[in-house]
Amino acid sequence: MGLRGADGAAITSAEPLGSGAAKQSWSEVPRMQQSIDTCSFHCSTRSPISLLSLNRYPNMGNLLKVLTCTDLEQEPNFFLDFENAQPTEAEREVWEQVDVVLKDAKGILDELQAYKGAGQEIRDAIQNPNDEALQEQAWAAVVPLVGKLKKFYEFSQRLEAALHSLLGALTNETYSDPTQHLEREQALAKQFAEILHFTLRFDELKMTNPAIQNDFSYYRRTLSRMRINNVPAEGENEVNNELANRISLFYADATPMLKTLSDGTTKFVSENKTLPIENTTDCLSTMASVCKVMLETPEYRSRFTSEETVSFCLRVMVGVIILYDYVHPVGAFAKSSKIDMKGCIKVLKDQPQNSVEGLLNKMHENTAFMLKNMFY
């Protein structure tokens, strides 16, 4: 059956757009090419339009992509200076509060990386329960280590408070959308990124060091026996039962610092009931998009002065996706998510495999959906 026009007449001409007003209007198409191509790049690839027809009439195809585009929201397109951003006067108060916490972050990572544990002393004490000298040696080795573990836990609480301060600043009504917040408050956005980077690095180190949980378990068992036997528990790093329970739960999680941030973000949303949840989730999704765009855009990526910044940006993108998945009602991998998950995964897969395998695994382990669901 042939095509028919609005008046019902058959369209049989070999050049339906070849004359009159139609020819004049379609002659404008080439001048629209650049803007159409830009928009069509962001459109869904799951279009019902025939690929054959798009190839046959490339200009018409681009226009139809725009007309049928289901995702008209443009990704944030600006450079977030993770290396050199400095606070404005408006940012300074919050920035200084958070800076006090972040100044201690590197020291925490250095101590955790150097953590060796008291495995040998503990084994000797367990194998020789009647040797008081070995019991004392094990206790003397474990007590200062527990002091470090307590310090790491207490830092997680400080980090959660710093996160609340940043979220309060980056989600308030000062600006109308999260893109403006991140673009105009780059020093605070950089601090938010530094918290995420620290978090993933801390958890990587913790996951590869089983001595942490072994040391703390031995400490608790020994302390319990000492109390039963009315033996004074010497050492300034003793913790009471309530604190010991909290610390034990903290280290029992595979990724304790990430869980702290995730729970802290959820707590922030629940405590700020007058603030729409979208303010927080949109801030997170926008940060993920900013990282993705910078990593996949040569013009932006070339402005990084170090490959370490590339690694930093990748970690931040993964961390913020996981936070979004925890906080958003439908998660990061639902089709309605505001994060371009396929694009983010492509960016990760375009990196050397040994540099991103841990990040891919982290998303797999910490999100509500299996990794394969990223490729819906």
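Residues are numbered from 1 along each chain as its sequence is written, and side-chain values use heavy atoms, with hydrogens and water left out. In this predicted model, local features need pLDDT of at least 70 and side-chain atom pairs count only at pLDDT 80 or more, while totals for chains, interfaces and linings use all residues.

The protein chain contains 18 helices and zero strands; helices (H or I, at least four residues) and strands (E, at least two) are DSSP runs, numbered from the N terminus. Of its 376 residues, 44% are buried, where buried means under 20% relative accessible area, exposed over 50%, and partly exposed in between (1.4 Å probe, protein chains only). Contact is defined as heavy atoms within 4.5 Å. Among contacts between residues at least 6 apart in sequence, 76% join residues at least 24 apart.

The mean pLDDT (the predictor's confidence in each residue, from 0 to 100) of the protein chain is 78, and 72% of the residues score at least 70. Confidence is highest in helix α6 (residues 105–113), with a mean of 97, and lowest in helix α4 (residues 58–67), with a mean of 35. Two stretches stay under 50: residues 1–6, with seven contacts beyond four places in sequence, and residues 10–72, with 42 such contacts. Where pLDDT is low, the predicted coordinates should not be read in detail.

Helix α16 (residues 307–327) includes M317 and also Y324. M317 is buried, at 0% relative accessibility. Beyond four places in sequence, M317 touches A288, C291, K292, L295, C344, V347 and L348. The C-alpha atoms of M317 and S289 are 7.9 Å apart, although 28 residues separate the two in sequence. Y324 is likewise buried, with a relative accessible area of 0%. Its C-alpha atom lies 5.9 Å from that of L284, a residue 40 places away along the chain.

D104 is located in the loop between α5 (89–102) and α6. This residue is partly exposed, with a relative accessible area of 34%. Leaving aside neighbours within four places in sequence, D104 is in contact with F155 and R158. D104 and F155 are 51 residues apart along the chain, and 8.5 Å separates their C-alpha atoms.

No disulfide, defined as a pair of cysteine sulfur atoms within 2.5 Å, is found in a search of the whole structure. For C291, the closest cysteine sulfur belongs to C313 and is 3.9 Å away, too far for a bond. C291 is buried, at 0% relative accessible area, and C283 is buried at 1%.

The second largest pocket holds about 380 Å³ of space. On a 1 Å grid over the protein atoms alone, a pocket is an open set of points where a 1.4 Å probe fits, with protein on both sides within 12 Å along at least five of seven lines, and lining residues have an atom within 4 Å of a point. Its lining comprises 13 residues, of which E132, Q135, T222, M226 and V231 lie nearest the centre. Helices α8 (132–170) and α11 (211–228) are the elements that each give two or more residues to this lining. By class, the lining has six nonpolar, three polar and four charged residues; Ala, Val, Leu, Ile, Met, Phe, Trp, Tyr, Cys and Pro count as nonpolar, Asp, Glu, Lys and Arg as charged, and the others, Gly among them, as polar. The volume is the space filled by probe spheres set on the grid points, which are joined across faces, edges and corners.
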